[in-house]
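Here are some friendly notes to read alongside the model.

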Amino acid sequence: MAEEAAAPLLHGLPDEIVVWEILIRLDPKSLLRCRAVRRAWRCATSARRFLLAHHARQPTLPIVFGDRYRNILALDHRASADAQLHTIARLDEDFMLEASCDGLLLLSKFDHIVGFRTYLSVCNPATSQHASLRPLSGFDILGMYPHSPTGEYRLLLQRMNYMDSSEYQIGFYVFGLGSNEAPRYIGCSETKLALAFFNVPVRLRDSLHWYPLEYRTESDHLEYEEESKLVVTVFDTIAESFRQMRAPLVSTNSSIFKVDDMLGICNCNQALEIVDIWVLQDYQSEVWDLKYRIELRLDELTKLRGELEGLDGDGNWSLTAASGDGDVLLLVSFSHWSFGHWLFYVDTDGELVASFQDLYACKHRFKQTLVPHDLFTTLEGHAVGASPLI
């Protein structure tokens, strides 16, 4: 037993090379397979120092959906000239992806007849861990984040004025994953912030950032503004309070994303021909620079537009921006009830890189991890029912 314990991980190579130059470079799926080869390999790759270093090397990739939202995929543009799709998770039913954070997915199901969430689950697809949560019916889930002072993962919730507020007042709440306590009220801003329709937040510098899509007025009407008097909304995840930052002067047909550890705002004109990418170069001074102006030169897209002229009814076009290892990706979506759904991946030169049928873009990003989450230890015994993962 002593000889076996002292044996090298791989004959002919020092253990340091095997661990920190070979095993550390494997993707999570391959690394899990290697753990089954030898007990020594399993021990070496289960150390927390190794797992944290391995997680730091994993790319953060944009998420897309396939098979009517039952497949969660990562769009990986790094390996070759063409984009590749990697399966993150296969779901056994139709779920909504509410949030993604540190390798965790928050999945839900709604009863559209009564209009309430009936199921909420958190899972780590890389390790197949999952746990059921209370459904938090009547709340909008704005984001998930680690609360660094406590190490707890929390949800930022919003109670809107059109919801039944007999039990909870209108405003913002915080809920600790696995907590048996009710969501904690943290206030309601006196500005339009409390009535804003948010999209997926960007987590940066211990804060969540949004660029609001639109506003709901006190009289329950949607309000749009052609030129941006809007600001970036910021939620400090340590102090758990809101503030605002200046945004560049763009139309509200915009979305926020993360690029090179900086905030970016993607704005496109109504004709979907010109895309501007703004980057927050100085976070403290709130200085934005126009980094790209992209003219979409899409022969395939133009051809597709021509084919659409004979279709019954207009198709729906949309664009979102994402980032992978510093590169900006434009994901252009088209859907029509009779033509189907297409997703086009475009680079910053405006050139079409790849196209996919029956794939749906979203604004979530995902970074796989094998680091054990204390969350699942806290939730032990909550993993009732079948896992949503296949």
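1. Let me start with Glu-240, which is buried at 10% relative accessibility, buried being under 20% relative accessible area, exposed over 50% and partly exposed in between, with a 1.4 Å probe and protein chains only. Its salt-bridge partner is Arg-184, with the closest N and O atoms 2.7 Å apart; here a salt bridge is a side-chain nitrogen of Lys or Arg within 4 Å of a carboxyl oxygen of Asp or Glu. Arg-184, in contrast, is partly exposed, at 40%.

2. A word on conventions before going further. The model is predicted, so local features need pLDDT of at least 70 and side-chain atom pairs pLDDT 80 or more, while totals for chains, interfaces and linings use all residues. Residues are numbered from 1 along each chain as its sequence is written, and side-chain values use heavy atoms, leaving out hydrogens and water.

3. Strands are DSSP runs of E with at least two residues, helices are runs of H or I with at least four, and both are numbered from the N terminus. These two residues also belong to a network of salt bridges that includes Glu-152 and Arg-154.

4. The salt-bridge count comes to nine. Another of these pairs is Arg-117 with Glu-98, whose closest N and O atoms are 3.3 Å apart. Arg-117 belongs to strand 6 (residues 116-124) and Glu-98 to strand 4 (residues 96-101), 19 residues apart. Arg-117 is buried at 4%, and Glu-98 is buried at 12%.

5. Lys-291 and Asp-260 form a salt bridge too, with 3.6 Å between the closest N and O atoms. Lys-291 lies in strand 22 (residues 287-295) and Asp-260 in the loop between strand 19 (254-259) and strand 20 (262-268), so the pair ties together parts 31 residues apart in sequence. Lys-291 is partly exposed at 36%, and Asp-260 is partly exposed at 40%.

6. Do look at the second largest pocket, with a volume of about 700 Å³. On a 1 Å grid over the protein atoms alone, a pocket is an open set of points where a 1.4 Å probe fits, with protein on both sides within 12 Å along at least five of seven lines; lining residues have an atom within 4 Å of a point. Of the 26 lining residues, the closest to the centre are Asp-27, Pro-28, Lys-29, Thr-87 and Gln-368. Domain 1 (12-57) and domain 2 (58-380) both contribute to the lining, so the pocket lies between them; the domain bounds come from an automatic or database assignment.

7. Which element gives the largest share of that lining? Strand 3 does, with five residues. By class, the lining has 14 nonpolar, five polar and seven charged residues.

8. Leu-31, in helix 3, is buried at 0% relative accessible area; its C-alpha atom is 9.8 Å from that of His-54, 23 residues away along the chain. Thr-369 lies in the loop between strand 27 (359-366) and helix 7 (374-378) and is buried at 2%. A polar atom of the Thr-369 side chain lies 3.1 Å from the backbone nitrogen of Val-371.

Notes. Points joined across faces, edges and corners; volume = space filled by probe spheres on them. Nonpolar A, V, L, I, M, F, W, Y, C, P; charged D, E, K, R; others polar. Polar contact = N/O pair within 3.5 Å; in protein donor to acceptor, adjacent residues only side chain to side chain.
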